Structures are given as C-alpha cells and as structure tokens.
Amino acid sequence: MYLHAVSPQPILYSYFRSSCSWRVRIALALKSIDYETIPINLIKDGGQQLAIIEYLEETRPTPRLLPQDPKKRAHVRMISDLIAGGIQPLQNLSVLKQVGQENQLTWAQKAITSGFNALEQILQSTAGRYCVGDEVSMADLCLVPQVANAERFKVDLTPYPTISRINKTLLALEAFQVSHPCRQPDTPPELRA
C-alpha cells in the first residue's frame with residue numbers, strides 16, 4: 001500500500017482486503033480527498049499507513065483525525081499503534097503462511113484476542129462515542145478494519161462490548177461505508193456488497 005501524492009490527484013496503490021489500505025481510504029473519505037486507486041495484490045501489507053494518515057492530517061487538517069489536546073492525541077496514537085503495530089501484523093497473510101495452513105485460524109484468533117483484551121481495557125477509559133472521546137480519530141480508522149479481520153477469523157466478540165459498540169457506531173458513517181473492502185474496484189464479484 002502506497003499513496004503517491006505528487007500528482008494533482010493522489011494515487012492509492014491498494015488491495016481491497018488490506019487493513020492498511022482501508023485505514024487510508026477512510027482518512028481520504030473523511031477529508032473528502034478525491035483519489036485514484038491502482039489495485040495491487042501484495043502479500044506484504046505495509047506499515048506506512050499511519051505515516052500516510054499523519055501526512056494527510058498535516059496537509060489537510062479538516063476534519064481533525066488527531067485531537068488538539070495532547071493527552072487525547074497521545075491516546076489516539078497509543079491505540080493506533082497497538083492495533084496497526086501490535087495486532088494486525090501478527091495475522092497478516094505473510095505471517096500466517098509461516099505458521100502453516102493447519103495452524104492459521106488458531107494463530108490469528110490468539111493474536112487478535114490477546115490484542116483485543118488489552119484494547120478493551122484501554123477503551124473503557126478513553127472511549128466516548130468513538131475510541132477517544134466523541135470525535136472520529138486515527139484510532140477509529142485502525143479499529144474498524146481490525147474488527148473486520150476478527151470477524152473473518154471467527155473471533156468471539158462477546159467479551160469486547162466497548163470495541164463492538166464503537167465499531168457499530170463507526171460502520172454507520174458514510175466514510176467507513178464507501179471505503180469498505182466490499183466496495184472497492186478490485187473486490188471480487190462474489191464479495192461485493
């Protein structure tokens with residue numbers, strides 16, 4: 001996943017199911033930035049999405065994805081890092097191939113549940129309507145794709161009421177709907193919404 005922003009219209013090199021790409025697509029939709037998508041299918045799901053989102057935040061600050069309050073901004077970055085750096089990489093396709101076909105589901109479920117146990121605790125003290133208070137932030141952009149991955153790997157979300165509530169609220173927002181993997185140009189017909 002890569003965002004080429006030098007041209008008049010940014011180009012997002014994206015794969016429909018990539019959580020990293022999905023996070024950037026949500027940011028682009030929230031900030032009403034038109035872009036071109038060039039579908040690619042890479043096994044390596046890049047970790048640069050948070051840098052891209054922060055770049056978009058610096059160059060197109062409205063609406064804010066990082067709160068003005070330093071403490072809230074730190075919470076947003078902590079939650080984003082926990083998901084994008086601590087949970088998601090452990091259940092990437094490249095990692096799952098290493099653990100072997102017969103162990104993939106168990107491995108992914110363990111990685112997600114371990115991360116969600118920590119995340120649920122954090123969100124109980126930071127959440128309002130969304131992950132940190134009542135404004136959509138970069139943390140929310142990280143949460144929704146990770147919950148979708150949890151569902152794909154059949155993780156029981158019952159122990160995570162805060163995560164589930166926030167996810168449901170976010171999925172009702174247009175930016176999260178238009179950026180959804182089932183609505184991308186490279187989504188296979190059988191997975192389209």
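Predicted model: local features only at pLDDT ≥ 70, side-chain atom pairs only at ≥ 80, totals over all residues.
**Stop 1**

Start with W22, A148, R152, H180 and P181. Of the 18 residues that line the second largest pocket, these five lie nearest its centre. The space in this pocket comes to about 290 Å³.

Now widen the selection to helices. Select α1 (19-30), α6 (138-152) and α7 (161-171); each supplies at least two residues of the pocket lining. Which helix gives the largest share of the lining? Colour α6 to see it: seven lining residues come from this helix.

Next, colour the lining by residue class.

**Stop 1: where α6 meets α7**

Keep α6 and α7 on screen and hide the rest. Their axes come within 10 Å of each other. The crossing angle is roughly 105 degrees. An angle of 65 to 115 degrees counts as roughly perpendicular, so α6 and α7 are roughly perpendicular to each other.

Show side chains at the contact. On α6, pick D140, L143, V144 and V147. On α7, pick I163, I166, N167, L170 and L171. What is the make-up of this contact between α6 and α7? Seven of its residues are nonpolar, one is polar and one is charged.

**Stop 2: W107**

Move to helix α5, residues 104-126, and select W107 there. Is W107 buried, partly exposed or exposed? Its relative accessible area is 37%. Buried requires under 20% and exposed requires over 50%, so W107 is partly exposed.

Leaving out residues up to four places away in sequence, you will find L90, V95, L96 and V99.

Then draw a distance from W107 to T158. These two residues are 51 apart along the chain. Their C-alpha atoms are separated by 19 Å.

**Stop 3: I11**

Finish at strand β2, residues 11-14, and select I11. The relative accessible area of I11 is 14%. The cut-off for buried is under 20%, so I11 is buried.

Conventions: Residues numbered from 1 in each chain as written. Heavy atoms only, no water. 1 Å grid on protein atoms, 1.4 Å probe; cavity = no way out; pocket = protein on both sides within 12 Å on 5 of 7 lines; lining within 4 Å. Points joined across faces, edges and corners; volume = space filled by probe spheres on them. Helix = DSSP H or I, 4+ residues; strand = E, 2+ residues; numbered from the N terminus. Axes fitted to C-alpha atoms, helices over the stretch in contact; angles between N-to-C directions. Parallel < 35°, antiparallel > 145°, perpendicular 65-115°, else oblique. Contact = heavy atoms within 4.5 Å. Nonpolar A, V, L, I, M, F, W, Y, C, P; charged D, E, K, R; others polar. Buried < 20%, exposed > 50% of the residue type's maximum accessible area, 1.4 Å probe, protein only.
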